[in-house]
Amino acid sequence: MQDLIETFFESLGTLTLNKMRTGLAILGIVIGIGSVIALISLGQASQKSIENNIESLGSNLLTIQPSNQRSEGGVRGAFGGGTTLTLDDAKAIESTPKITTINKLSPELQRRSQITAGRNNTNTQVVGVYPAYADIRKVNLASGVFISQNDVDSMRKVAVLGPQVVSDLFGDNANPIGQMIRVGGQQLKVIGVTVAKGGSGFQNQDDIVYVPLLTAMKQLYGVSYLSSVAVEAKSADVMTDAQNEIGYFLLERHKISDATQADFSILSQSDILNTASQVTGTFTALLGGIAAISLLVGGIGIMNIMLVTVTERTREIGLRKALGAKRKTIITQFLIEAIILTFAGGIIGMIIGILISYILAQVMTLPFTISSSAILLAIGVSGAIGILFGWYPAQKASNLQPIEALRYE
Amino acid sequence: MIKVKKISKIYNTGAVETVALSDISFEINKGEYVAIMGPSGSGKSTLMHILGVLDQPTTGEYILDDVNVSQLTDDDAAEIRNQKIGFIFQAFNLLPRTTALQNVMLPMRYANVPKEERIEKARKYLKMVGLEDRMNHTSNQLSGGQQQRVAIARGLAMNPSILLADEPTGNIASVQAEEVMNIFRKLNEEGHTIIMITHEPDIASHAKRIIHIKDGKIVKDEKNGHKLKAKTI
C-alpha cells in the first residue's frame, strides 16, 4: 500500500512534466464522460417532466378515443382520427346503470385552429368541452369563469384561454376578459384565463383555447363526433373494471361482437405514462450509447498516449528493470499512470457534465436531476477504461528486455 | 565469489551465427578490483551483460555467491540484480528530473526497504561520493561527473556483492574521470569487489587485475603492478 502511494505520487510527477500532452490525453475522457452524464441527466429530466405532466392531467383517468375499425389486412387507422365516437355515446356511458365504477366524464373535441384577435394571430389547440373538463383535467382559473353547462346547452360563443394564448394574442400581463377573439369565422368572447401549468413535453396545456363543446361541434367545425372522452374512475383500484365495463358497453352499443374489431380504444393514464416512460427511456439509452462511443474513442486516445510514453521511456524502463524492478512493478507503474489520466478525465468530465445538464435544465425548464448512478458510472467507467486501455501499454513496457531497453536511443 | 565456467554466447540473427563469447572461464574473488579490457566488438559488453545477469549465456555456468544464475526467469534475475549487483553505466542512466536522493533510493524501493531507512542510506552513500550538498538537485542540474557519482551511490545502495561498471568514464571529462577512479580505489580499499569494463588502458590501469578479451576469448589475465598505477598519478 505504502508502495502504491509512492508510485502514485511518482506517476503524478511524471504526468505533470508534460502538461500539454497530459491535458490532451485527458480531453477525450472529459468529453466522453461529460457527454454521457449530460445526456443521461437530460434524458432522465425530460422523462420526469413528461411523467409530471401526465400526472398533472389527472389521476384515475381513462381516455376513450375513436379508432378506425381494423381492416382485413390488420392495418389500424391513425390515432384519434376516427369519427365513431359520439356525444350520444358519452351520454349513454354516463347514464347507463351497467357502468358503476365511474364518477364523471368529459366529452371533448380537439382541433388545431388559427385564432385571431385584432391584428395578432396564433395557431393553437381548440378544445370543445363540458364543464366537467375543468374538474377531471385539473384546470384552474386565474381569472374569470370556466365554460358552464348553460354555455354548452345554449351554444354560447365564449372562450377560456390558456396563458400562452393570452400573451400571444394580447401581450404579456394583459387582461383579455371581455375581449373578442375570432376562430374559424366566429367571434368568441373571452370569459376566463387558466392558471399557467408550465407544461412542456408533448402537450402544452398553456397553449390552448377552451370553448363550449356544442359551439365547437356545431358552429366552429360542423362535426357530429368527438375526438375523445375523458372518464374519471371512482378510484385507482377500479381502473381495470372501469376499462372493461366501458369497453363491453361500447362494443354492445356499436354492435361489434369481436373485441379485436373495436372502433375505439380505452387508455388509462398509467398506460400513457408507461408508454411515454418507455419512449423517453429508449431515447435516454440511445443518447447515452452515442456518448459512450465518444468515451471509447477517449479510451483509445489514452492507449495511444501510453504507448508513446512507453516507447519514449524505454531506457528508463530498462534501467528500472536492471535495478531490480519486476514485471509486476513496471505494470503497476504504467497502469497507475493510465488510471490517473482516465480518472482525472472522469472527474473533470463529471463536473462539466453536471454543469451542462444544469444549464440545459434551466434553458429548457426541465427539472434538474443528478443521478447518483450517473456519477458512479462516470467514476467506475473511467477507472475501468484506465485499466482496459492502459493494460496493453503496461504489458508491453514490462516485457522489455533490460539490455535492449538500455541500448535504445 | 564469481565463477564463470565455459561460458559461450552465440547470437542467431537469421542465417548468420555470431559468436560473441566462446568458452570463457575465470574466477573473481571477494575484494578484487578487475578491469575487463578489449577493443569494441571483442565481446566485453556481452560478458558484462552476463556478469550483470542482464543476459544469459548460451552455454556454460555463471555462479555468483554459490548460486547458479545462468538460467533464471525475468523476475528472479531482477531480484538477483537488485540484491547482488550495483550497476554503473557509461551514460549514468539516472531518472531524468528526479533528485539525486530519489535516484539513489530507487533500488531500495524495489527491495521494499522502509522509507526512513532508504533516506538514511541514500544520504550516507551520497556523502561517501562527496555529494552531500547536491542531494536535492535533479539529475539534469548535475555535471556528468556528479551524475556518475550519484550512479555510484545508487550502485552501492543495496550493498551489493559486486560493483559492475561499464565504461564508467566514457562520457565524462578527464578531471572528473580521475575523481571517479579515486572513489573506486577508496571503495576497493574498503573491501568492495569492482569489475570495470573499459577500452581505455589509462582507466584499466587503476585496477589490480586486468583481463584482456579479444574475439570472444580471454587473451591475457594479468596482475597489475603498482608501477602502472604510479605512472598515471
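Reader: Is strand 8 (residues 208–212) of chain A buried or exposed?
Author: This is a predicted model, in which local features need pLDDT of at least 70, side-chain atom pairs count only at pLDDT 80 or more, and totals for chains, interfaces and linings use all residues. Residues are numbered from 1 along each chain as its sequence is written, and chains are lettered from A and ligands numbered from 1 in the order in which they are written. A residue is buried if 20 or more other C-beta atoms, placed from the backbone, lie within 10 Å of its own, exposed at 12 or fewer, and partly exposed in between. Five of the five residues of strand 8 of chain A pass, so the strand is largely enclosed by the rest of the structure: buried.

Reader: Which residue is the bridge partner of A:Leu161 in strand 8 of chain A?
Author: Strands here are DSSP runs of E, at least two residues, and helices are runs of H or I, at least four, numbered from the N terminus. Two strands pair if DSSP finds at least two bridges between them. Strand 5 (residues 158–161) of chain A pairs antiparallel with strand 8 of chain A over two bridges. Within strand 8, the partner of A:Leu161 is A:Val209.

Reader: And which residue of strand 8 of chain A is the bridge partner of A:Val126?
Author: Strand 3 (residues 120–129) of chain A runs parallel to strand 8 of chain A, joined by five bridges. In strand 8, A:Val126 has as its partner A:Val209.

Reader: How far apart are the C-alpha centres of the two domains of chain A?
Author: The bounds come from an automatic or database domain assignment. Domain 1 covers 2–53 + 275–407, and domain 2 covers 68–262. Their C-alpha centres are separated by 53 Å.

Reader: Which helix of chain B gives the most to the side that touches chain A?
Author: Contact means C-beta atoms, placed from the backbone, within 7 Å. By that rule 17 residues of chain B meet 15 residues of chain A. Helix 2 (74–84) and helix 3 (100–110) of chain B each supply at least two residues of the chain B side. The top contributor, with six residues, is helix 2.

Reader: Which are the edge strands of the four-strand sheet of chain B?
Author: That open sheet is antiparallel, in the order 2-1-4-5. Strand 1 (residues 2–13) and strand 4 (residues 59–64) of chain B are joined by five bridges, and B:Lys5 stands opposite B:Glu61. Pairing on one side only falls to strand 2 (16–28) and strand 5 (67–68).

Reader: Where in chain B is the pLDDT below 50?
Author: pLDDT is the predictor's confidence in each residue, from 0 to 100. Chain B averages 90, and 96% of the residues score at least 70. The stretch below 50 has five contacts beyond near neighbours in sequence, and spans residues 227–233.

Note on methods
Two residues are in contact if their C-beta atoms, placed from the backbone, lie within 7 Å.
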